[in-house]
Amino acid sequence: KHPFVSKFSKSETEQIVASSKVQVYKAGTVIFEEESISNLLYLLLEGDVDFLKKTNTGKYSPVSSAKAGSFFGEFGILTGENRKLRAKASNDVRVGEIPGALLLDFLKKSAPFLLEVLNNVTTHLKTTTDHYLQERIKNEKLQAVGQMVRSIVHDLRNPFSIISLATYMIGEEHDDEKT
């Protein structure tokens, strides 16, 4: 009943269903890691999935999310590249996992021209996404540098404030120029 499968013929749908596995992931479970092999297309049957990118600090930053009725994992299958993001169940999730080779086989047989168009669109989207992620990482680095500079300035101001107060107090106690 997933919208993705509804686009195929009855026999193709039966073949997809027969070749697929339904998996359940509990909230917080990582479905796949960034840089893992792209060999499955995921049909999101129930729940929500968050997509995250690892930053230079080692933390994961949210990039996007998916809701029931959507699908994900197709980019790597079409481009042959490893995954660019981490997928994590934001609540209890049920997905249908379709082997990527099966999807490519269907596309090659039924619409070779469509596969070529999809590859071109995917390449364009990948370039755009990479640019967007690099900008986010750059902005995060700049924010981290700004926080560090503020901390250093704060740490320098404290001793100078104490020295300034001490010199003022000494000046109040002694009128002579030498002191």
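This is a predicted model: local features need pLDDT of at least 70, side-chain atom pairs count only at pLDDT 80 or more; totals for chains, interfaces and linings use all residues.
Author: Residues are numbered from 1 along each chain as its sequence is written, and side-chain values use heavy atoms, with hydrogens and water left out.

Reader: How many aromatic pairs does the structure hold?

Author: There are five aromatic pairs. Rings of Phe, Tyr and Trp (its six-membered ring) pair if their centres lie within 6.5 Å; planes under 30 degrees apart count as stacked, over 60 as edge-to-face and the rest as tilted.

Reader: Why is the pair of Phe-32 and Phe-72 called tilted?

Author: The ring centres of Phe-32 and Phe-72 are 6.0 Å apart and the planes stand at 45°, so the pair is tilted. Phe-32 is in strand S2 (residues 30-32) and Phe-72 in strand S6 (residues 71-72), 40 residues apart. Strands here are DSSP runs (E, at least two residues), numbered from the N terminus.

Reader: What makes Phe-72 buried?

Author: Buried means under 20% relative accessible area, exposed over 50%, and partly exposed in between (1.4 Å probe, protein chains only). Phe-72 has 5%, so it is buried. Phe-32, with 10%, is buried too.

Reader: Why is the pair of Phe-51 and Phe-72 called edge-to-face?

Author: The planes of Phe-51 and Phe-72 stand at 70° and the ring centres are 5.1 Å apart, so this pair is edge-to-face. Phe-51 lies in strand S4 (residues 48-54) and Phe-72 in S6, so the pair ties together parts 21 residues apart in sequence. Phe-32, Tyr-42, Phe-51 and Phe-72 form one aromatic cluster.

Reader: Which charged end sits over the ring of Phe-32?

Author: That of Arg-83, 4.0 Å from the ring centre. A charge sits over a ring if NZ of Lys or CZ of Arg is within 6 Å of the ring centre and within 35 degrees of the ring normal.

Reader: How do you know that S4 and S5 pair?

Author: Two strands pair if DSSP finds at least two bridges between them. S4 and strand S5 (residues 60-67) have seven, in the antiparallel sense.

Reader: Why is strand S3 called largely enclosed?

Author: Five of the seven residues of S3 (residues 40-46) are buried, so the rest of the structure largely encloses this strand. Six bridges join S3 to strand S8 (residues 93-99), antiparallel, and two join S3 to S6, also antiparallel. Leu-43 stands opposite Gly-96 in S8 and opposite Phe-71 in S6.

Key:
Helices (H or I, at least four residues) and strands (E, at least two) are DSSP runs, numbered from the N terminus.
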